[in-house]
Amino acid sequence: MLTIYSHDHHLHHGRCELMDGQLMPCFEMPSRADHVLQRVQYRDLGPVEAPQDFGLGPIQRIHSRDYLDFFKGAWARWTEFNTDGDLLPYTWPARTLRRLIPRSLHGQLGYYSFDGGAPITAGTWQAAYSAAQVALTAQAVIQRGARSAFALCRPPGHHAASDLMGGYCYLNNAAIAAQAFLDQGHKKVAILDVDYHHGNGTQSIFYERSDVLFTSIHGHPEAEFPFFLGYDDELGEGAGEGFNFNYPLPAGSGWDTWSAALDQACDEIRKYGADIVVVSLGVDTFKDDPISQFKLDSPDYLAMGARIAALGKPTLFVMEGGYAVEEIGINAVNVLEGFESAQ
């Protein structure tokens, strides 16, 4: 299996995030992708290549121009303040406030964010842009006939909506790749999100569409981030009604419970008749993940990959979460090896 990877992800390294009342080093750090790459190479999964540059066009198919303009230019505006530190929002247009776009940098930052978990640094735009190109390059490999490819994206993307950043995510790599498949002639794309946290951004992007089926297995939003989306009664709206399936699970869920949800999601993908499957590959379902509450163990990820392979569809894996840094490479590559061995 070909892996696409860019060293540009090192350009994004947030200093801190707010967790349990404390400013802590960011759990989403460069070493995450480094460990995955090392495991890919150690296991000789296949060649590793740098991404091509497909430009902004495919990204603009998912993200609004005003959001992209803001994100691309935010750091330069921040440097005019002559202050030290990451750019983080401190206010948001909550339920009782007007949803207008202020002229100030901080107001716009709040408007285009849904939480304080996506710091902007000097290199964040380039890192996120390159991550999208990683996904698009892997997508192009499958478009040319490969049965699978791995987009080792960082920063991740599934929490990013068309005009919102948050949850460590800025550009929605999986959604950008899914749209590229549609733009290049495919009629039905299925997205399977196996990250511990619900892919709220991906759901919102495709919620009113029938050409992308979204399925997600995740911690129940009654207790887990992102809290305000990911319930099982969210089935899509308008043309998208019946094309969105959430499988929220309680904390402590292990492989038996989790895999039963995977079987349900795969059944929906089969009924849908997808041309392509895009997997939002988060491995923060691991039992020792520091910010998640599922109990999957490393061998379970081999079985996960095999079950995804049983769909018999060309499959693009897009890296999302996973914060047990020492094990992230083992678990992510286990999914890929499980998929390959079942082919």
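Predicted model: local features only at pLDDT ≥ 70, side-chain atom pairs only at ≥ 80, totals over all residues.
The structure holds one cavity of 30 Å³ or more, and the space in the largest cavity comes to about 40 Å³. Its lining is made up of His-12, Gly-14, Cys-26, Glu-28, Gly-117, Pro-119, Tyr-168 and Tyr-170, and by class these residues divide into four nonpolar, three polar and one charged.

Next comes the largest pocket, whose volume is about 1,500 Å³. It is lined by 50 residues, and those closest to its centre are Phe-114, Asp-115, Phe-225, Pro-226 and Phe-228. Strand 2, strand 3, helix 4 and helix 7 are the elements that give two or more residues to this lining, with helix 7 supplying the largest share, namely four residues. Sorted by class, the lining of the largest pocket has 26 nonpolar, 15 polar and nine charged residues.

Which of its residues are buried? In helix 9 they are Ser-298, Asp-300, Tyr-301, Met-304, Gly-305, Ile-308 and Ala-309, and these buried residues pack against strand 6, helix 8, strand 9, strand 10 and helix 10.

Finally, an unreviewed UniProt entry carries the annotation "domain: Histone deacetylase" for residues 28–336. In the model, that span is 39% helix and 12% strand, and its end C-alpha atoms lie 21 Å apart.

Technical notes: Residues numbered from 1 in each chain as written. Heavy atoms only, no water. 1 Å grid on protein atoms, 1.4 Å probe; cavity = no way out; pocket = protein on both sides within 12 Å on 5 of 7 lines; lining within 4 Å. Points joined across faces, edges and corners; volume = space filled by probe spheres on them. Nonpolar A, V, L, I, M, F, W, Y, C, P; charged D, E, K, R; others polar. Buried < 20%, exposed > 50% of the residue type's maximum accessible area, 1.4 Å probe, protein only. Contact = heavy atoms within 4.5 Å. UniProt positions renumbered as here; feature names shortened; annotations may be inferred.
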